[in-house]
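Good morning, and thank you for coming.

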Amino acid sequence: MSSGEVKLIGAWASPFVMRPRVALNLKSVPYEFLQETFGSKSELLLKSNPVHKKIPVLLHADKPVCESNIIVEYIDETWSSSGPSILPSHPYDRAMARFWAAYIDEKWFGALRNFLKAEGEEEKKAVIAQMEEGNALLEKAFIDCSKGKPFFNGDNIGYLDISLGSFLAWLRVTELTASHKLLDEAKTPSLCKWAELFCNDPAVKPVMPETAKLAEFAKKIFAKPQA
Amino acid sequence: MAERSDTEEVKLLGMWASPFSRRIEVALTLKGVPYEFSEQDITNKSSLLLQLNPVYKMIPVLVHNGKPISESLVILEYIDDTWRNNPILPQDPCERATARFLAKLIDQQICVAAMKVVGKVGEERDAAVEATRDLLMFLEKELVGKDFFGGRSLGFVDIVATLVAFWLMRTEDLLGVKVVPVELFPEIHRWVKNLLGNDVIKKCIPPKDEHLAYIRARMDKLNLKSA
């Protein structure tokens, strides 16, 4: 079941693509990274994800798996005997991990993206307030899920760590642009500690985009066309 | 009074006309899990609901042994993880990934597209109908050669897709526009007939006349055009 060539269609700057890369690293699964060019979509991508035409797409023995969190679960289930468990083992803990992962993608990320697009001080202030509300929820979620351990998943990084951690580079770029700390030691002390540990994890380090490089890239993609 | 063991206490906060609430009832019934149903007034939310789902303040909420779980897809997976008889999700990781993908497609895309059909008129409505049909085609193709999305018996996608069978397709009568005509979607129509032959489904879906009356009343309240 776990045999067969593994390829991942993605892009270095995408937080969604980072998720399966961390998962594959955790399971020590070698894979070929097929980098998409920004602004265009390859034939392979369009064929492998005809519904959404989006990255990441995992190809395992040529069978496509789409949607980043779904791919992470697939990796955990397929290479279950290799490396640590990515999803928690207790059903309630699994439900909490899935609940917060869905919250991150559906609400929290929306606020982050709105910030990057926001124009004018008023709009930026409103989005920062929204983000800080979300961060407070996640700070509490971390305390509940981690139960005193270093990660959402306990002793090792897992599904929810990957889900939130994949946004850290973009979060740092946002902090630079705003000159405002979004994860700050006073308001979200646990998340700050967690963020540093996550970024230094050996499964994460090789695939976490460099802040400076990402900031340049962000400038390019969010640049307003000259009048 | 007889002693009651509270180790298996299951309570569902829901609403009789909500597809998200009804799908939980299908899952619990399929597994033979006894539960207490608490009908919620979503126009005047109870303090219990607000306490149990502070993040979204929505139904359904499953409470198991005093612990609340929100978000219907998260609840469905929790039910499958906790009560292992009559599995809802398939065993094979690739099939599980496909099931999760289709569930997300239904809730995040098809549901949203279908709401636009209800909310718009004229050309905008026509465009919304087209968009919904394009998405439904993915479900149509998935059903070829199968009695249910789950194969020979009800599965995760069938449970989630009751939203299409008994909410979208029932609303068609009221809209005076066939979003899902049998000529374009013969497999979906065949599948709905199969659903209607299933005892669990028959028990758990809202009674048709009351349901249509409710939808019509809501549409009138929102000043939406009904046939």
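I shall begin with the conventions, then turn to the interface, and end with an annotated domain.

The model is predicted: local features need pLDDT of at least 70 and side-chain atom pairs count only at pLDDT 80 or more, whereas totals for chains, interfaces and linings use all residues. Residues are numbered from 1 along each chain as its sequence is written, chains are lettered from A and ligands numbered from 1 in the order in which they are written, and side-chain values use heavy atoms, with hydrogens and water left out.

At the interface, 27 residues of chain A are in contact with 24 residues of chain B, contact meaning heavy atoms within 4.5 Å. The two chains bury about 2300 Å² between them, with 69% of that area on carbon and sulfur atoms; buried area is the accessible area (1.4 Å probe) that two parts lose on being put together, summed over both.

Seven salt bridges are counted between chain A and chain B, each being a side-chain nitrogen of Lys or Arg within 4 Å of a carboxyl oxygen of Asp or Glu. One of them joins A:R98 to B:D81, where the closest N and O atoms are 3.3 Å apart.

Which elements of chain A supply at least two residues each to the side that touches chain B? They are β4 (63–66), α3 (68–78) and α4 (91–117); helices (H or I, at least four residues) and strands (E, at least two) are DSSP runs, numbered from the N terminus. The largest share, twelve residues, comes from α4(A).

Finally, UniProt, in an unreviewed entry, places the feature "domain: GST N-terminal" at residues 4–83 of chain A. That span is 36% helix and 21% strand, and its end C-alpha atoms lie 18 Å apart.

Notes: UniProt positions renumbered as here; feature names shortened; annotations may be inferred.
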